[in-house]
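The exercises below concern helix packing and salt bridges. Work each one from the structure before reading the solution.

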Amino acid sequence: MLSLYELQKTFADALFESGKGIPEDVIVSDAFPASRRLRIYHNNVFTSLTEALRHIYPVVVRLVGEPFFAYAAHHYIGQYPSRSGNLHDFGEFLPQFLAEFPPATGLSYLPDMARLEWARHQAFH
């Protein structure tokens, strides 16, 4: 039997690392297999965190468009999962991420705009 730490680590790894499964005996249910439950949870987490990023970076969203922002956010969330229980702390590294994100290399102003929006977000909260 897994310790609580091992269980939480296994779940978080499976949630944020695409393609990594979770042992079927970790989630016991007659309704859905563990892999399906994990996909539902994964979708909810990524949707919620993308929405949080949209609220923090509305100008970036308008500059790049919704589809590109959602694409970038998905990659960002996988690379920088939330480490805080406070959703206002999430998104700090998006400017750095955008500076290094290959599809955004032609948008040299984007990381600076994101830094400005993060500073505004921090000042507000």
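The model is a predicted one.

**Exercise 1.** Determine how helices H1 and H2 are oriented to each other.

*Solution.* Two packed helices are described by the angle between their axes and the distance between the axes. Begin with the elements: H1 covers residues 4-16 and H2 covers residues 34-56. Their axes come within 9 Å and cross at roughly 70°. Angles of 65 to 115 degrees count as roughly perpendicular. H1 and H2 are therefore roughly perpendicular to each other. As for handedness, the crossing of H1 past H2 is right-handed.

**Exercise 2.** List the residues through which H1 and H2 meet, and classify them.

*Solution.* From H1, the contact takes in Phe11, Ala14, Leu15 and Phe16. On the H2 side they meet Leu38, Tyr41, His42, Val45, Phe46 and Leu49. Sorted by type, the residues of this contact of H1 with H2 comprise 9 nonpolar and 1 polar, with no charged ones.

**Exercise 3.** Find the salt bridges of arginine 54 and say where the partners lie.

*Solution.* Take glutamate 51 as one partner: its side chain meets that of arginine 54 in a salt bridge, at 2.6 Å from N to O. Both residues belong to helix H2 and are 3 residues apart, about one turn of the helix.

Next, take glutamate 66, which also forms a salt bridge with arginine 54, the closest N and O atoms again being 2.6 Å apart. Arginine 54 lies in helix H2 and glutamate 66 in helix H4 (residues 66-79), so this pair ties together parts that are 12 residues apart in sequence.

Arginine 54, at 24%, is partly exposed. Glutamate 51 counts as partly exposed at 35%, and glutamate 66 does so at 34%.

**Exercise 4.** How many salt bridges are there by the rule applied here, and which residues are joined into one network?

*Solution.* The count comes to 3 salt bridges. Besides the pairs of arginine 54 with glutamate 51 and with glutamate 66, the side chains of arginine 115 and aspartate 112 meet in a salt bridge, 2.7 Å from N to O. Arginine 115 and aspartate 112 are 3 residues apart in helix H6 (residues 110-124), so about one helical turn separates them. Arginine 115 is partly exposed, its relative accessible area being 41%. Through shared partners, salt bridges join Glu51, Arg54 and Glu66 into one network.

Terms used: Residues numbered from 1 in each chain as written. Predicted model: local features only at pLDDT ≥ 70, side-chain atom pairs only at ≥ 80, totals over all residues. Heavy atoms only, no water. Axes fitted to C-alpha atoms, helices over the stretch in contact; angles between N-to-C directions. Helix = DSSP H or I, 4+ residues; strand = E, 2+ residues; numbered from the N terminus. Parallel < 35°, antiparallel > 145°, perpendicular 65-115°, else oblique. Left-handed = near helix turned anticlockwise from the far one by under 90°. Contact = heavy atoms within 4.5 Å. Nonpolar A, V, L, I, M, F, W, Y, C, P; charged D, E, K, R; others polar. Salt bridge = Lys/Arg side-chain N within 4 Å of Asp/Glu carboxyl O. Buried < 20%, exposed > 50% of the residue type's maximum accessible area, 1.4 Å probe, protein only.
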